[in-house]
Amino acid sequence: MRLREVTAAVETMAIIETAAKLDVLGHLTANPRSAAEVAGALRLDRIATARLLEALTGMGLLRELAGGVFETDTEANDRVHALTGLWRALPTVVRTGEPAVRAVTATGAAQLYPNVVPMLSEWFAPAADRFAAELSPWTGRVLDVGAGAAPWTIALAARNPDVRVTAVDFPAVLSQTRRAVTAAGLDQRFDYLPGDALDVTLPAHDLAVVGNVCHLFDAAHNQALLAKLHAPARRVAIIDVLPSTDPAVSRYALGLLTRAHGGAVHPLSAYENWARHAGFAGVTPVPLTQDPPLTLLLCA
Ligand SMILES: C[S@@+](CC[C@H](N)C(=O)[O-])C[C@H]1O[C@@H](n2cnc3c(N)ncnc32)[C@H](O)[C@@H]1O
């Protein structure tokens, strides 16, 4: 056992669980308070509360302001609740194989993604930059399948003035796509298509981007998606995690089962198979970043 890492992980989990359970972050959302005030309001021990707030500050979940007061923002609080909620379901998931939320349905995506996709987009920013550099120069219509906060197509559109994007996602998530696009100053270059990418009629496009979606689908659904996206001279750019010996990847593969029934870290050979069956000549893998461990899989 790697005692140091396991100890740090258990401590971190217990601290976050405690903060979530006692609603400490909720209490400090846009409401700066000292440790003594938090302890008083939530009927907690003063010394233990002060240490909890310091530990949460060390993790970047709280900010300590002048005068010894702490605060956080709504997004940090929502994200912690979204993440802890999913992982708390793990014992049931391991017992039954049933996910806590079905991320590939409109209802599941509405529960899971509106708070999470902005965080993913921040995390993916360096990979999105590499992705855009790899595909540029590009002109024409681009489809963003399961767009979320659109990190990939925002980066591509920002570099290429003649790119026009249609973002496909469930309605509850598309509101976050719009926010991200507006924040990037790209409103005039994006259109939105609400619905299930496997069901909706897709507009004409030259490039389809499928970022971190294939790991939510089983083999049959990935096969169907690639068959739907295939057309002569069209490229499909998949961004996803491939199997590796990195322990973070095995944790990630386990976590996928909390939110997607057939979800998996699919091997390159599986993507090659689906792409060939769909009519593509092959798949070229291009590593993007190691942390997170993302690869661009270019189907042409
Ligand atoms: C892990 S997030 C990735 C978001 C974004 N592409 C990124 O890389 O940051 C998966 C996204 O796929 C969307 N999604 C899942 N199943 C879908 C489906 N069947 N049709 C359309 N969107 C879907 C979810 O709503 C969510 O926004």
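Let's start with Cys299, which is buried at a relative accessible area of 0% (buried means under 20% relative accessible area, exposed over 50%, and partly exposed in between, with a 1.4 Å probe and protein chains only). Cys214 is buried too, with a relative accessible area of 2%. This is a predicted model, where local features need pLDDT of at least 70 and side-chain atom pairs count only at pLDDT 80 or more, while totals for chains, interfaces and linings use all residues. Residues are numbered from 1 along each chain as its sequence is written, and side-chain values use heavy atoms, with hydrogens and water left out.

Why don't Cys214 and Cys299 form a bond? The sulfur of Cys214 has its closest cysteine sulfur in Cys299, and at 8.1 Å that is too far for a bond. The structure holds zero disulfides, a disulfide being a pair of cysteine sulfur atoms within 2.5 Å.

## Around the ligand

There are 23 residues around the ligand, and Gly146, Trp152, Asp169, Ala197 and Gly211 come nearest. To be near, a residue needs one of its heavy atoms within 4 Å of the molecule or strand in question. The shell divides into 16 nonpolar, five polar and two charged residues. Here Ala, Val, Leu, Ile, Met, Phe, Trp, Tyr, Cys and Pro count as nonpolar, Asp, Glu, Lys and Arg as charged, and the others, Gly among them, as polar. Two helices, α8 (117–123) and α10 (151–159), each supply at least two residues of that shell. Helices (H or I, at least four residues) and strands (E, at least two) are DSSP runs, numbered from the N terminus.

Which backbone atoms come up against nitrogen atoms of the ligand? A polar backbone atom of Gly146 is 2.7 Å from a ligand nitrogen, and a backbone N or O atom of Ala197 lies 2.8 Å from a ligand nitrogen. For Ala147, the distance from a polar backbone atom to a nitrogen of the ligand is 3.4 Å. As for cover, the protein takes up 98% of the 600 Å² of accessible area that the ligand has on its own (areas come from the Shrake-Rupley method with a 1.4 Å probe; for residues, only the protein chains shown count as cover).

Gly195 sits in the loop between β6 (190–194) and β7 (207–211). Is Gly195 buried or exposed? At 16% relative accessibility, Gly195 counts as buried.

Leaving aside neighbours within four places in sequence, Gly195 is in contact with Val168, Asp169, Phe170, Pro171 and Val200, where contact means heavy atoms within 4.5 Å. Then there's Ala106: it is 89 residues from Gly195 in sequence, yet the two are 7.6 Å apart in space, C-alpha to C-alpha.

Most residues other than glycine have a negative phi, and most peptide bonds are trans. Asp23, though not a glycine, has a positive phi of about 55°. Asp23 is in the loop between α1 (3–21) and α2 (24–27), and is partly exposed at 38% relative accessibility. Ala233 has a positive phi as well, near 70°. Its place is the loop between α12 (219–229) and β8 (235–241), and Ala233 is exposed, with a relative accessible area of 83%.

Now for the cis bonds. The peptide bond from Ser136 to Pro137 is cis, with omega near 0°, and Pro137 lies in the loop between α9 (125–135) and β4 (140–145). The bond from Asp291 to Pro292 is also cis, again with omega near 0°. You'll find Pro292 in the loop between β9 (283–289) and β10 (294–299).

Methods: Polar contact = N/O pair within 3.5 Å; in protein donor to acceptor, adjacent residues only side chain to side chain.
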